[in-house]
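Subject: Structure for you to look at

Hello,

Here is the structure I said I would pass on. Please open it next to this message and follow along; my notes come after it.

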Amino acid sequence: MEKKKVTLVIPMYYEEKVADECYKRVKENLVKLENYEHEIIFVNDGSKDKTLEILEDIAKEDENVKIISFSRNFGHQAAVTAGLQYVSGDAIIIMDADLQDPPELIPDMLKLWEEGNEVIYGKRKSREGESAFKLFTAKMFYKTLNALSDVEIPKDTGDFRLVDRKVVETINSLPEHNKFLRGLFSWVGYKQYPFEYERKERFAGETKYPLKKMLKLASDGIISFSTKPLKLVGALGIFSIVISVIILIYALLSYAFSWNNLSAGWTSIMVAITFFSGIQLMSIWIIAEYVGRIYDETKRRPQYIVDKKINL
């Protein structure tokens with residue numbers, strides 16, 4: 001009987017402190033799978049430390065380890081996207097290198113896949129070692145995203161998941177440039193199953209998702225899966241018109257009945273000007289975000305540039 005194959009896709013960015021331990025933990029759990037062949041695809045996302053050097057040493061000793069190295073840092077989503085382009089397994093697992101998503105869960109996820117589930121996404125029951133601020137912003141992100149999006153994206157999830165090969169082929173066929181993968185995996189459908197687990201504290205090193213990158217990811221998610229912000233611009237325009245009409249009526253009534261000396265209304269004039277100016281600028285910003293995405297797509301530049309490939 002021909003064995004099935006499982007592929008792990010693991011993006012790496014300045015992970016010299018965890019690279020060896022990540023490989024050891026992943027390998028220990030993969031060799032226990034008697035009915036599966038395996039491969040591990042590490043994607044070096046432009047790290048300038050010893051991450052690539054460590055991975056190259058591992059790949060020399062283990063032909064099942066494949067390496068894709070970018071010419072510079074292109075971002076986590078680009079790294080995962082690149083890894084998905086090179087998979088050869090029947091089941092593909094995406095996980096981060098920091099071991100917050102335990103490799104020991106791989107057998108359980110494969111069992112769910114064998115039962116016919118095609119997307120098994122990790123759903124965090126707890127998140128050790130994360131600040132109250134990060135927990136709060138993550139919660140607000142998913143609430144906002146699902147309020148704006150036409151596709152429900154499960155909350156408390158990340159990119160840790162197992163997906164069937166046909167799902168990966170569907171994702172690979174999508175031509176868009178700024179991919180928000182956890183949203184796309186929900187959008188494509190198929191048989192999905194939530195896999196609850198305890199998310200551990202990072203093994204070593206620091207998070208590679210500071211506030212700036214979190215905001216970029218949130219922006220990608222909202223703009224990729226919703227046009228409601230554009231509709232909000234129209235709603236703000238109508239609201240502005242209504243406010244303007246109310247001010248006009250008030251001004252006419254004040255003039256007719258001598259309610260107030262309008263010439264002394266410097267404060268109200270400045271408030272009105274700044275209020276409507278703010279609405280206009282915010283509207284332009286929202287539209288500009290969508291226009292910017294269109295601009296990125298029309299340039300048709302690659303999402304990433306591969307500098308080196310090993311064992312591929």
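Glu 169 has a relative accessible area of 45%, so Glu 169 is partly exposed. The side chain of Glu 169 meets that of Arg 165 in a salt bridge, with 3.5 Å from N to O. Arg 165 is also partly exposed, because its relative accessible area is 27%. Both residues sit in helix 6, 4 residues apart, which is about one turn of the helix. Please keep in mind that this is a predicted model.

As background, side chains of opposite charge can pair when their charged atoms come close. How many salt bridges are there by the rule used here? The count comes to 7. Two others from that group are described below.

One is formed by Glu 56 and Lys 308, whose closest N and O atoms are 2.9 Å apart. Glu 56 belongs to helix 2 (residues 51-61) and Lys 308 to strand 8 (residues 306-310), so this pair ties together parts that are 252 residues apart in sequence. Lys 308 has 32% relative accessibility and therefore counts as partly exposed.

The other joins the side chains of Lys 166 and Glu 118, at 2.6 Å from N to O. This pair links distant parts of the chain, 48 residues apart: Lys 166 is in helix 6 (residues 165-173), while Glu 118 is in the loop between helix 4 (106-114) and strand 5 (119-127). Is each partner buried or exposed, or in between? Lys 166, at 38% relative accessibility, counts as partly exposed. Glu 118 has 15% relative accessibility, and buried means under 20%, so Glu 118 counts as buried.

Which residue lies 99 residues from Arg 199 along the chain, with 5.5 Å between the C-alpha atoms? That residue is Gln 100.

Last, please look at the surface. Ile 238, Val 242 and Ile 246 form a nonpolar patch there, and together they have about 280 Å² of accessible area. Ile 238 is placed in helix 9 (residues 228-257). With 55% relative accessibility, Ile 238 counts as exposed, because the cut-off for exposed is over 50%.

Regards

Conventions: Residues are numbered from 1 along each chain as its sequence is written. This is a predicted model: local features need pLDDT of at least 70, side-chain atom pairs count only at pLDDT 80 or more; totals for chains, interfaces and linings use all residues. Side-chain values use heavy atoms; hydrogens and water are left out. Patches are made of residues with over 30% relative accessible area and no salt bridge: like charges are joined within 9 Å, nonpolar side chains (Val, Leu, Ile, Met, Phe, Trp, Tyr) within 5 Å. Accessible areas come from the Shrake-Rupley method with a 1.4 Å probe; for residues, only the protein chains shown count as cover. A salt bridge is a side-chain nitrogen of Lys or Arg within 4 Å of a carboxyl oxygen of Asp or Glu. Helices (H or I, at least four residues) and strands (E, at least two) are DSSP runs, numbered from the N terminus. Buried means under 20% relative accessible area, exposed over 50%, partly exposed in between (1.4 Å probe, protein chains only).
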